[in-house]
Amino acid sequence: MQKACTLTGISRATYYRKAKPVGPMHGPWLPRTPPPWTLGPAEREQVLAVLNAPAYADLAIPQVWARELDEGRYWCSMSTMYRITRAAGQSRERRRQATHPPRVRPELVATGPSQVWSWDIT
């Protein structure tokens, strides 16, 4: 190829650039096919049932994964468990949290003259 480019007087970079033109592709992304090892809907439901079991209600996903592995059951990877819980809308804190009532600010209301007195130091 080097000899042909020298004889024609073009650089090799120009030849290869014109031989395989690659430009920006416009339009929508092509649909992505899932890999063959993807968990099916039934398997995803089983994993979600394990994560929602009463014994694991207050545990984080890595703890559930480790305990299931200690008992000889491997469902999927931890990242897949996170993906399944995120798709089910359960990726927040799994434990019950105390909620505090909103702080009520005192409000001075006067319905007539000389009912509200305030001190302003400016």
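Is Thr80 buried or exposed, judged by its relative accessibility? At 15% relative accessibility, Thr80 counts as buried, where buried means under 20% relative accessible area, exposed over 50% and partly exposed in between, with a 1.4 Å probe and protein chains only.

The legends below describe a predicted model, in which local features need pLDDT of at least 70 and side-chain atom pairs count only at pLDDT 80 or more, whereas totals for chains, interfaces and linings use all residues. Residues are numbered from 1 along each chain as its sequence is written, and side-chain values use heavy atoms, with hydrogens and water left out.

**View 1. Thr80 and its polar contact with Ser77.** Thr80 lies in helix H5, helices being DSSP runs of H or I with at least four residues, and strands runs of E with at least two, numbered from the N terminus. The side chains of Thr80 and Ser77 are joined by a polar contact of 2.9 Å; such a contact is a pair of N or O atoms within 3.5 Å, of which, within protein, one must be able to donate a hydrogen and the other to accept it, while residues adjacent in sequence count only if both atoms are side-chain atoms.

**View 2. The buried residues of helix H4.** In H4, which spans residues 61-70, the buried residues are Ile61, Val64 and Glu68. They cover an arc of only 60 degrees around the axis, which puts them on the same side of H4; the arc is that of the directions from the helix axis to the C-beta atoms. An α-helix has 3.6 residues a turn, so residues three or four places apart point the same way. The cover over the buried residues of H4 includes helix H3 (41-51) and helix H5 (78-87), and H4 is followed by Gly72, whose positive phi is near 90 degrees.

**View 3. The aromatic pair Tyr15 and Tyr16, with Met1.** Searching the whole structure gives 1 aromatic pair. The ring centres of Tyr15 and Tyr16 are 5.2 Å apart and the planes stand at 70 degrees, so the pair is edge-to-face; rings of Phe, Tyr and Trp (its six-membered ring) pair if their centres lie within 6.5 Å, with planes under 30 degrees apart counted as stacked, over 60 as edge-to-face and the rest as tilted. Tyr15 is partly exposed at 33% relative accessibility, and Tyr16 is partly exposed at 48%. Met1, placed in the segment before helix H1 (2-8), touches both Tyr15 and Tyr16, not counting residues up to four places away in sequence, a contact meaning heavy atoms within 4.5 Å.
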